[in-house]
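Trainee: Can we go through this model together? I would like to start with the aromatic rings.

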Amino acid sequence: MIGPSPRIKLTIYLIQRPERGARTVETMWIYLSLLTVGFVAVVIYRKFARTLEVAQQYAGPPALPILGNGLWFLNKQPDEFLPIIHKLTSTYGDVVRFWQGPQFTLYVGNPSMIETILTNKHLTDKSGEYDYLSNWLGDGLLLSKRHKWHARRKAITPAFHFKILEQFVDVFDRNAAELVDVLEKHADDGKTFDMFPYVLLYALDVICESAMGTSVNALRNADSEYVRAVKEAAHVSIKRMFDIIRRTSLFYLTPSYQKLRKALKVLHGYTDNVIVSRRNQLMSKTDSGGVSDEFGAKKKDAFLDMLLRTSINGKPLTNLEIREEVDTFMFEGHDTTTSAVVFTLFNLAKHPEIQQKVYDEIVSVIGKDPKEKIELSHLHDLSYTEMAIKETLRLFPSVPLIGRRCVEEITIEGKTIPAGANIIVGIYFMGRDTKYFENPSQFIPERFEGEFSVEKFNPYKYIPFSAGPRNCIGQKFALNEMKSVISKLLRHYEFILPPDSVEEPPLASELILKPHQGVPLQIRHRALN
């Protein structure tokens, strides 16, 4: 006679002794959990074994298993990031490794090493932080990777030829005149106001007109749907970089994602409508050379028009590809310029004697009439003004840190950087390092004068527009715009630092360097002699 099977015996046993059954099940779950944890640990170790080996070559803070140094960056605000990097570099030098979770990150503030990094063909991809802009910018020039980026860059570069940039000078001048008019209410009242939001709206007007040939009248209509959408999209996208929850897929379940969706619907919809309208005009040949724009001048080509005539491998860009590039130009072209212009005005207010030298040069080049229209030739002759801007960008680079991703293992100066590593290039800290600049905390525009220009004897210690093949494609556009608006403002107003002003505004490091609490200034009319 065959007795009950082992399985039946176990079942009977567990029924008869339930407390033992419960303990057995609990024990099984513990073993299963341990096995799972062990398996995950082995997988992680095997995946990162080479990275862990290579990491020993670099100095850096102690790290926890799996979490790394992630707790340092947990839910940090933008104004806390630069102090963290400063603490790391003060302790470990200008090449430091740390871990963002299991992600190996290498901070580099050494010019010779940076030159190798920024010119290496395997290091053209942007680091992971930039991915949080992809909802907005897609595969535009800022975010696109390797082969796609190379093809786009090659196709778009002719749009930034100096002959084409000349047509935008009128856009700079006209919108700068509008800014002068808007600021009139603050002149001579002895009261302090924040300069940053005004310049931001001016820059948004300029970039919209330059990129799409349309005006959003941001300076006069700061609460318009489009302006609010730009601010919301930028705020949410940047905030994701500093919030551990928003950096995961859980972001798509948050109210922030709904706000981003709503903002992008406005921004993408606006750009799409302009693209379709302009493409239809070009296809129907209704856009003749004698057409005037909404400002009464002969219609100029916007960046969009050039993209509509651009092709890659014989194929014209699609509407989506054009939108990605226009949105990228919009994003990169207003915040960066705002940062540079506002910090330059701060430095000039802080140093009245330098402001006077800049003003004297402007008057000698353009004339005493504050309403005199600016020409491209004027901008070329504003050499000292450009020095003041460059010196500002040394102290307050619009992009304080740039990131690259190492797509395959490479060796630089005898040290290995593993595949998958993130690399942070410390533009901000190099500009303030005594190893690279004498008296770095002082504002001295003459550093950039003549043959002793810092750019000539060590170019990679001063890279406010990045460097190498992936440098800023719009840097000439940006410098012309900065010189134009600063020269217009200084012909009308003297900028004054309030008596209770701090030595330096508290800084927030997002993708763009911004004053955390604004830049308080006062203005008064220039005395015309």
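Mentor: The structure holds 19 aromatic pairs. Rings of Phe, Tyr and Trp (its six-membered ring) pair if their centres lie within 6.5 Å; planes under 30 degrees apart count as stacked, over 60 as edge-to-face and the rest as tilted. This is a predicted model, where local features need pLDDT of at least 70, side-chain atom pairs count only at pLDDT 80 or more, and totals for chains, interfaces and linings use all residues. Residues are numbered from 1 along each chain as its sequence is written, and side-chain values use heavy atoms, with hydrogens and water left out.

Trainee: What kind of pair do Phe 160 and Phe 303 form?

Mentor: A tilted one, at 5.6 Å centre to centre with 50° between the planes. The pair links distant parts of the chain, 143 residues apart. Phe 160 is in the loop between helix H6 (146-156) and helix H7 (162-165), and Phe 303 is in helix H12 (residues 303-308). Helices (H or I, at least four residues) and strands (E, at least two) are DSSP runs, numbered from the N terminus.

Trainee: Is Phe 160 buried or exposed?

Mentor: Phe 160 counts as buried, at 11% relative accessibility, and Phe 303 is buried at 5%. Buried means under 20% relative accessible area, exposed over 50%, partly exposed in between (1.4 Å probe, protein chains only).

Trainee: Which residues are in the cluster linked by ring pairs?

Mentor: Phe 160, Phe 168, Phe 172, Phe 303, Phe 329 and Phe 477.

Trainee: New topic. Which charged end sits over the ring of Phe 396?

Mentor: That of Arg 432, 5.2 Å from the ring centre. Lys 461 lies over the face of Phe 437, at 4.9 Å from the ring centre. A charge sits over a ring if NZ of Lys or CZ of Arg is within 6 Å of the ring centre and within 35 degrees of the ring normal.

Trainee: And the backbone: what is the phi of Ser 466?

Mentor: Positive, about 65°, although Ser 466 is not a glycine. Most residues other than glycine have a negative phi. Ser 466 is found in the loop between H18 and H19 and is buried, with a relative accessible area of 16%.

Trainee: Where is Cys 472?

Mentor: In the loop between helix H18 (454-457) and helix H19 (475-492). UniProt lists Cys 472 for "binding site" in an unreviewed entry; positions are given in the numbering used here, feature names are shortened, and annotations may be inferred rather than shown by experiment. Cys 472 is partly exposed, with a relative accessible area of 32%.
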